[in-house]
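Please look over the model below and report on its side-chain contacts.

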Amino acid sequence: MSSCTGLRSRLRTRTRLGLRTRIRIRSPWAVDALIAAVVQAAVTIPFVVPRSADVPPATWAFYGMTTLSVLPLLWRSRAPLTCLLAITAAGMAYLPMDGPGQPMPYSPLVAIFTVAAQAGVRQRRVTVGIGLPVVAVAVALRTNTAREYLFAFFLFSMVYALGVLARTRQAYTEAVEARAAELERARVVEAERAAERERARIAREMHDILSHAVSLMVVQAEAGPLVVRSDPDRAEAAFDAIAGAGRDAMVQLRRMLGVLKEEPGESGDPGAPSGGPRELAPQPTLDGLDSLVGEVRRAGLSVVLLTEGEPQPLAADAQVTVYRVVQEALTNVLKHSDARSVSVRLAWKQGQAQGQGQGQGQQGDRHRRLSVTVTDDGTGLLKPGGAGSGRGLIGIRERAAAHGGTASAGPGPDDRGFRVCLELPVVISSPAEVGAA
């Protein structure tokens, strides 16, 4: 409720400021004319009120002189100092006349405020330097009393101070608006960068999912016709593997697209009733490597999964990275290599943080690394006609860099086969996590 009230208040304030800004920018004449009309009405009052019989009557000549001192206000926004000088000259010309007196010097006060609020530094200095002597001369020509001097100088100072405060407030408002506009531009740029990063992440995920599934399906589809007559059971297994790979890819794609856009009535299960909640499978983890290796084995490739060292707790996003890197490496073996066997090795290594001495070894033991190596026994070269775009290896390096790790790819031992290596830091932040490993 309070947030709605605050929003309505901001909208009302913005509307008022916007209307005032539009009036000032689109029709400055209208504002100046309105102020001049109000001042003219104020200086007319002494001419409307009946005068005593012992003083000369108010004439149109006197009234014309007061009007002459008001007309320069029509240019107050465009020429503040010139407006003030014109009003001062008209007022000084009116002093010797025996016309109705004014309770307040309305036009000069408006002009002084305008100069203090809108004019430049030099014009403000001229106003102060000339204005104070002119005020003294005007008082001397009228009453020449100490009370009048004090009141006139006080009035001049207060109006000028109000103009300075108005200028300061305007400068502050403009600075705040400029800062808000800058923050809005920064927010838009950051949102665009976040969207680009998200699109890159989604592109990597879809590349891994589709590339792996399609590679498995192509391998099985190529092997199926060769054994369809000689070994029907093996052909049937190949077709089952194709269907399984396709279903798995569809499930993963549906999960990813479901996270991006979830609409009422949709569900992750096609057979789920309408209006039920969407059931999304979790992101892949290290536990899913066994199933991944099993799929590749069914494609006819001998795969061995080895784990060395003591496993440590690994963040969920880091587990997704390890899974996708292994998936991409195995997919590249299926697509681009003539290898017959692949080794997937996860090595949990113990290390010491930089800058720690020998007496801090116990704390350094809590800094560990996970090394993932996928090595095949192929020729180390791509199959004829199997050249790829290289985006898979680029994605591997990007995934590693996102977690502060490194990735490399190149020939295997003795320049035989191909090897993909991934190094990720594993930082255990509390003893409880050590016990949970």
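F156 and Y160 are about one helical turn apart, because four residues separate them in helix α7 (residues 146-227). Helices here are DSSP runs of H or I with at least four residues, strands are E runs of at least two, and both are numbered from the N terminus. An α-helix has 3.6 residues a turn, so residues three or four places apart point the same way. Both F156 and Y160 are buried. Buried means under 20% relative accessible area, exposed means over 50%, and partly exposed lies in between (1.4 Å probe, protein chains only).

Helix α7 also holds A152. A152 is buried at a relative accessible area of 15%. In sequence A152 and P105 are 47 residues apart, yet their C-alpha atoms are 9.6 Å apart in space.

## Basis of the model

This is a predicted model: local features need pLDDT of at least 70, side-chain atom pairs count only at pLDDT 80 or more, and totals for chains, interfaces and linings use all residues. Residues are numbered from 1 along each chain as its sequence is written, and side-chain values use heavy atoms, with hydrogens and water left out.

## Aromatic pairs

The structure holds five aromatic pairs. One of them joins W29 and W75 edge-to-face, at 6.0 Å centre to centre with 75 degrees between the planes. Rings of Phe, Tyr and Trp (its six-membered ring) pair if their centres lie within 6.5 Å; planes under 30 degrees apart count as stacked, over 60 as edge-to-face and the rest as tilted. W29 lies in helix α2 and W75 in the loop between α3 and α4, so the pair ties together parts that are 46 residues apart in sequence.

W29 is partly exposed at 45% relative accessibility. W75 is partly exposed too, at 43%. The pair of F156 and Y160 is stacked, with 6.5 Å between centres and 10 degrees between planes. Elsewhere, F47, W60 and Y63 form one aromatic cluster.

## The surface around W29

R78 sits over the face of W29, at 4.2 Å from the ring centre. For this contact, CZ of Arg or NZ of Lys must be within 6 Å of the ring centre and within 35 degrees of the ring normal.

W29 also belongs to a nonpolar surface patch of about 420 Å², made with L68, L71 and W75. Patches take residues with over 30% relative accessible area and no salt bridge; nonpolar side chains (Val, Leu, Ile, Met, Phe, Trp, Tyr) are joined within 5 Å, like charges within 9 Å. Accessible areas come from the Shrake-Rupley method with a 1.4 Å probe, and for residues only the protein chains shown count as cover.

## Salt bridges

How many salt bridges does the structure hold? There are seven. Each needs a side-chain nitrogen of Lys or Arg within 4 Å of a carboxyl oxygen of Asp or Glu. One of them joins D32 and R78, at 3.2 Å from N to O. This pair links distant parts of the chain, 46 residues apart: D32 is in helix α2 (residues 28-48), and R78 is in the loop between α3 (60-70) and α4 (80-94). D32 is buried, at 0% relative accessible area. R78 is partly exposed, at 38%.

R345 and E308 form another salt bridge, with their closest N and O atoms 3.1 Å apart. R345 is in strand β2 (residues 341-351) and E308 in strand β1 (residues 302-308), so parts 37 residues apart in sequence are tied together. R345 is partly exposed at 25%, and E308 is partly exposed at 36%. R369 meets E423 in a salt bridge of 2.9 Å, N to O. R369 lies in strand β3 (residues 367-376) and E423 in strand β5 (residues 418-427), so this pair ties together parts 54 residues apart in sequence. R369 is partly exposed, at 37% relative accessibility. Shared partners also join D32, R76 and R78 into one salt-bridge network.

Is helix α10 largely enclosed or open? It is largely enclosed by the rest of the structure, because 18 of its 21 residues are buried. Helix α10 (residues 316-336) should span 30 Å at 1.5 Å a residue, and its end C-alpha atoms are 30 Å apart, which agrees. The expected span is 1.5 Å times one less than the number of residues.

G300 is in the loop between α9 (289-298) and β1. G300 is exposed, with a relative accessible area of 64%. G300 and S341 are 41 residues apart in sequence and 9.3 Å apart in space, C-alpha to C-alpha.
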